[in-house]
Amino acid sequence: MTTAAETLSVVTEKEMSHPPEKVWRALTETSLLDEWLMKNDFRPVVGHKFSLRTQPVGNWNGIIDCEVLAVEPHRRLSYTWVSGIDALRVQSVVTWTLKATSGGTLVRMEQSGFRADQGQNYQGAKYGWQLFFGGLERVLGGLA
Amino acid sequence: MRTRPDAVFRSLADPTRRALLERLMQKGEHTVGALTGHANVSQPAVSKHLGVLKAAGLVEDRRDGRETHYRARPAGFAPLFGWLTFYSAFWNDRFTRLEDLLKRMGP
């Protein structure tokens, strides 16, 4: 039986009436992230591994494991995002893009990744990982 | 009962409701009175929180004479188990919180 990976992507975008520099602080300072995202040990350093912690819900321990992939001050921030809950066990990448506008900042968040079917064979796994790293390459390539 | 993922998510955002739901999941069925004994809020407040959880499909109730018994409804979590629906609701909620924080931060 052949299994394919399912690609997933969520995009949330909103113009906020604050300058990119200020939005960047909210996205990258630990104490500010605590207030709107989750408890964290984030640092805006490529390669830094951190976790986001929230109240456990149901069979989920409330922990999300992350690693910083890209930091481009006031413009772009990207990190991996892996949560332990079975039904949501998806390898994903969260990318923030800030664009200055006349009224403030266009804030865009894209979370994309893949979920391989259970009992996946080698091809299925390989396909999934290629999609995953293909996504990373696009993200990193965009920063060159 | 059909419920929207963001209704489920919003109902779980409150720590008192999470505590009530956790108790029902771990210890089974309770009356409002018994739940109030374990909560730090009044009985009317507990009833109101249970109403929100019921509307979100996370608990169900049954009448037994003058008493209403509540129990958890695990199937109510199903809307959260879709990755897309879960994260759509999650990021919508977090964007609102981010904007609230930006307002509080000052210039």
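This is a predicted model: local features need pLDDT of at least 70, side-chain atom pairs count only at pLDDT 80 or more; totals for chains, interfaces and linings use all residues.
View 1. Chain A contains three helices and seven strands, which follow one another along the sequence in the pattern β-α-α-β-β-β-β-β-β-α. Of its 144 residues, 25% count as buried, and among the contacts between residues at least 6 apart in sequence, 47% join residues at least 24 apart. The pLDDT of chain A averages 75, with 65% of the residues scoring at least 70. Within this chain, confidence is highest in helix 1 (residues 20-28), at 95, and lowest in helix 3 (residues 122-141), at a mean of 36. Over residues 116-144 of chain A the pLDDT is below 50, although this stretch has 38 contacts in the model beyond near neighbours in sequence.

View 2. Strand 2 (residues 39-40) of chain A pairs with strand 3 (residues 49-53) of chain A in the antiparallel sense over two bridges, and here Lys39(A) stands opposite Arg53(A) in strand 3 of chain A. Strand 3 of chain A also pairs with strand 4 of chain A, again antiparallel, over five bridges, where Leu52(A) has Ile64(A) of strand 4 as its bridge partner. Strand 4 (residues 63-72) of chain A then pairs antiparallel with strand 5 (residues 76-83) of chain A over six bridges, and in this pairing the bridge partner of Ile64(A) is Ser83(A) in strand 5 of chain A.

**View 3. The hairpin of strand 4 and strand 5 of chain A.** Three residues lie between these two strands in the hairpin, and His74(A) takes a positive phi there, near 70°.

View 4. Leu27(A) belongs to helix 1 of chain A and is buried, with 21 other C-beta atoms within 10 Å; the cut-off for a buried residue is 20 or more. Once its neighbours within four places in sequence are left aside, Leu27(A) is in contact with Leu77(A) and Trp96(A). Leu27(A) and Trp96(A) are 69 residues apart in sequence, yet their C-alpha atoms are 8.6 Å apart in space.

View 5. Chain B has five helices and three strands, in the order α-α-β-α-α-β-β-α along the sequence. Of its 107 residues, 32% count as buried, and residues 24 or more positions apart account for 57% of the contacts with a separation of 6 or more. The three strands form an open sheet with the order 1-3-2 and antiparallel pairing. Strand 1 (30-31) and strand 2 (59-64) of chain B stand at the edges, each with a single partner strand, so one side of each has no neighbour in the sheet. Helix 2 (residues 15-27) of chain B packs on this sheet, touching strand 1, strand 2 and strand 3 of chain B, and its direction makes about 85° with that of strand 3. Strand 2 and strand 3 (residues 67-72) of chain B pair antiparallel over six bridges, with Asp61(B) opposite Tyr70(B) in strand 3 of chain B. Helix 4 of chain B lies across strand 2 and strand 3 of chain B, running at about 120° to strand 2.

View 6. Helix 4 (residues 43-55) of chain B has 13 residues and reaches 18 Å from its first C-alpha to its last, close to the 18 Å expected at 1.5 Å a residue. Val46(B), His49(B), Leu50(B) and Leu53(B) are buried in this helix. Seen down the axis of helix 4 of chain B, the buried residues fall within an arc of 100°, so they line one face of the helix. An α-helix has 3.6 residues a turn, so residues three or four places apart point the same way. On the other side of helix 4 of chain B, Pro44(B) and Gly51(B) are exposed. The helix is followed by Gly57(B), whose phi is positive, near 85°.

Definitions and conventions. Residues are numbered from 1 along each chain as its sequence is written. Chains are lettered from A and ligands numbered from 1 in the order in which they are written. Helices (H or I, at least four residues) and strands (E, at least two) are DSSP runs, numbered from the N terminus. The expected span of a helix is 1.5 Å times one less than its number of residues. A residue is buried if 20 or more other C-beta atoms lie within 10 Å of its own, exposed if 12 or fewer, and partly exposed in between; C-beta atoms are placed from the backbone. The arc is that of the directions from the helix axis to the C-beta atoms. Two residues are in contact if their C-beta atoms, placed from the backbone, lie within 7 Å. Two strands pair if DSSP finds at least two bridges between them. pLDDT is the predictor's confidence in each residue, from 0 to 100. Axes are lines fitted to C-alpha atoms, for helices over the stretch in contact, and angles run from 0 to 180 degrees between N-to-C directions.
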